[in-house]
Amino acid sequence: MTNDYMCTVLLVSYNSCTTISKAIESILEQKTKYKYKIHIFDDASTDGTKNIILDYAEKYPEIVFPYISEKNQGAQANYWRAFLSVDTPYCSLLDGDDFFCNPHKL
């Protein structure tokens, strides 16, 4: 697949089942003139967050890319893995318990 994305949104989560959908939706609602993608890094959540992420990845396979840890690595390792995944000129960061409140954030 050719990388014609301009920006990667890094969504980092752990046990965010009550907030992860709103976070993902706020990214999907972004209005841009360029392509962007979402890398979601879940650190082996135990509350169902993984299933929500995988549902979005199935629904939006060209935008949402899940990275699900089998074993909890800790916040610092999860963030490093996320930043190392960036293969676009720009990136933006969002935590799983937060959301973009402006559709023009990107």
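I began with the surface and found a nonpolar patch made of Trp80, Phe83, Leu84 and Leu93. Together these residues have about 460 Å² of accessible area (Shrake-Rupley method, 1.4 Å probe, with only the protein chains shown counting as cover for residues). Patch members have over 30% relative accessible area and no salt bridge; like charges are joined within 9 Å, nonpolar side chains (Val, Leu, Ile, Met, Phe, Trp, Tyr) within 5 Å. A salt bridge is a side-chain nitrogen of Lys or Arg within 4 Å of a carboxyl oxygen of Asp or Glu.

The model is predicted: local features need pLDDT of at least 70, side-chain atom pairs count only at pLDDT 80 or more, and totals for chains, interfaces and linings use all residues. Residues are numbered from 1 along each chain as its sequence is written, and side-chain values use heavy atoms, with hydrogens and water left out.

Next I looked up where the patch comes from. Helix 3 (residues 75–84) gives the largest share, three residues. Helices (H or I, at least four residues) and strands (E, at least two) are DSSP runs, numbered from the N terminus. Leucine 84 lies in helix 3. It counts as exposed because its relative accessibility is 69% (buried is under 20%, exposed over 50%, partly exposed in between; 1.4 Å probe, protein chains only).

Then I checked backbone angles. Asparagine 15 is not a glycine, yet its phi is positive, about 50 degrees. I placed it in the loop between strand 1 (7–13) and helix 1 (20–28). Its relative accessibility is 30%, so asparagine 15 counts as partly exposed.

Alanine 44 also has a positive phi, near 60 degrees. Its loop runs between strand 2 (36–42) and helix 2 (49–59). Alanine 44 counts as buried, because its relative accessibility is 15%.
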